[in-house]
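Here's a walk through the fold, one contact at a time.

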Amino acid sequence: MANTFFQFKKFIVHQEHTSMKVCTDACLFGAWAAHDQELLNAKSILDIGTGTGLLSLLLAQANPNATFTAVEIEQEAATEAASNFTLSPWHEQLNLVHDTIQNFGNNTITRYNVIITNPPFYEGDLKSPDENKNTAAHSTALPWNILIENVAKLLTDGGSFFVLIPTLRAYTMQKLCDTNGLQLEEEVLVHNTAKTLPIRAMQKFTKKNMAQMDAEKTNVVPQVKRTKIFIKDADNNYSPEFIALLKDYYLHL
């Protein structure tokens, strides 16, 4: 049975009623984004599909001066995330919205400096008998084209978009974002160990402004920073790179 909570150094994530539990790749993703200078300078941050509220909490620890809006479609997850926010040191900065991103996007005039998401991504896989888990995990509940259209609408010009996806679908995400005016700036491939294939891609996009669009017309090819990170080393311990990102969050690092 999965733990009903996950204790971090400065906050706790209760997850008894949430289908998608705290996992290593999501923690790594949040910690990676939290080290980005654009995020540290951001005043307004939107978390799409917040689940337990994990990403918003990780980022609020890094940037307690920002205002966070976390949108969640599933009722039990939204209730639990709201509770996790209330219990945190940053409860005044964290706001939970129980809604679809489509409805939210159509009913707000706010534009965000940073948008982050760990979106549903399973399409052809067998569905679970748990409908809440299907909503959280399967992209039929939130097709990527709808997601990215809303990201492009809600992001400020020059704003940053962070997303965590399976490695095999990284190029699909890149092309979809490019179609919607979001330029890939950085991509980190996540491996469990040096001997395994990458399992996830962490991507950062920037919403293009007019100068960037003009540069594209002159065939200036933007340079993408591409790196990799290993979760475990050869001795099955956390790697130095992983520790450097998570040491402010994990209890025993």
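**Where two helices meet**

Let's start at a helix–helix contact: Ala26, Cys27, Phe29, Gly30, Ala31, Ala33 and Ala34 of α1 meet Leu54, Leu55, Leu58, Leu59 and Ala62 of α3. Sort those residues by class and the contact of α1 with α3 comes out as eleven nonpolar, one polar and no charged. The axes of α1 and α3 come within 9 Å and cross at roughly 30°, and the crossing is right-handed. Keep in mind that all of this is read off a predicted model.

Does helix α1 end up mostly buried or exposed? Ten of its eleven residues, in the stretch 24–34, are buried, so the helix is largely enclosed by the rest of the structure. If you want to colour them in, the buried residues of α1 are Asp25, Ala26, Cys27, Leu28, Phe29, Gly30, Ala31, Trp32, Ala33 and Ala34.

Now for the sheet. This is an open sheet of eight strands with mixed pairing, and the order across it goes β5-β4-β3-β6-β7-β9-β8-β10. At the edges stand β5 (94–98) and β10 (225–230); each has a single partner strand, so one side of each is left without a neighbour in the sheet. Ignoring direction, neighbouring strands here are turned by 15° against each other on average. Helix α1 packs on this sheet, where it touches β6 (112–117), β7 (155–166), β8, β9 (198–207) and β10, and its direction makes about 155° with that of β7.

What about the other helix? Helix α3 (residues 54–62) lies across β3 (44–48), β4 (67–72), β5 and β6. Its direction runs at about 170° to β4.

Strand β8 (residues 182–191) runs parallel to β10, and six bridges join the two. One place to look is Val188, which stands opposite Thr227 in β10. For background, strands of a sheet pair through backbone hydrogen bonds, either parallel or antiparallel.

Glu186 is buried, with a relative accessible area of 14%.

How many salt bridges does the structure hold altogether? There are seven. Which side of the burial cut-off do the partners fall on? Buried means under 20% relative accessible area. Asp25 has 14% relative accessibility, so it counts as buried, and Arg200, at 16%, counts as buried too.

For a salt bridge in another setting, look at Asp248 and Lys247, whose closest N and O atoms are 3.8 Å apart. Asp248 counts as partly exposed at 38% relative accessibility, and Lys247 is partly exposed with a relative accessible area of 38%.

Note on methods
Residues numbered from 1 in each chain as written. Predicted model: local features only at pLDDT ≥ 70, side-chain atom pairs only at ≥ 80, totals over all residues. Heavy atoms only, no water. Buried < 20%, exposed > 50% of the residue type's maximum accessible area, 1.4 Å probe, protein only. Helix = DSSP H or I, 4+ residues; strand = E, 2+ residues; numbered from the N terminus. Pairing = 2+ DSSP bridges. Axes fitted to C-alpha atoms, helices over the stretch in contact; angles between N-to-C directions. Contact = heavy atoms within 4.5 Å. Salt bridge = Lys/Arg side-chain N within 4 Å of Asp/Glu carboxyl O. Left-handed = near helix turned anticlockwise from the far one by under 90°. Nonpolar A, V, L, I, M, F, W, Y, C, P; charged D, E, K, R; others polar.
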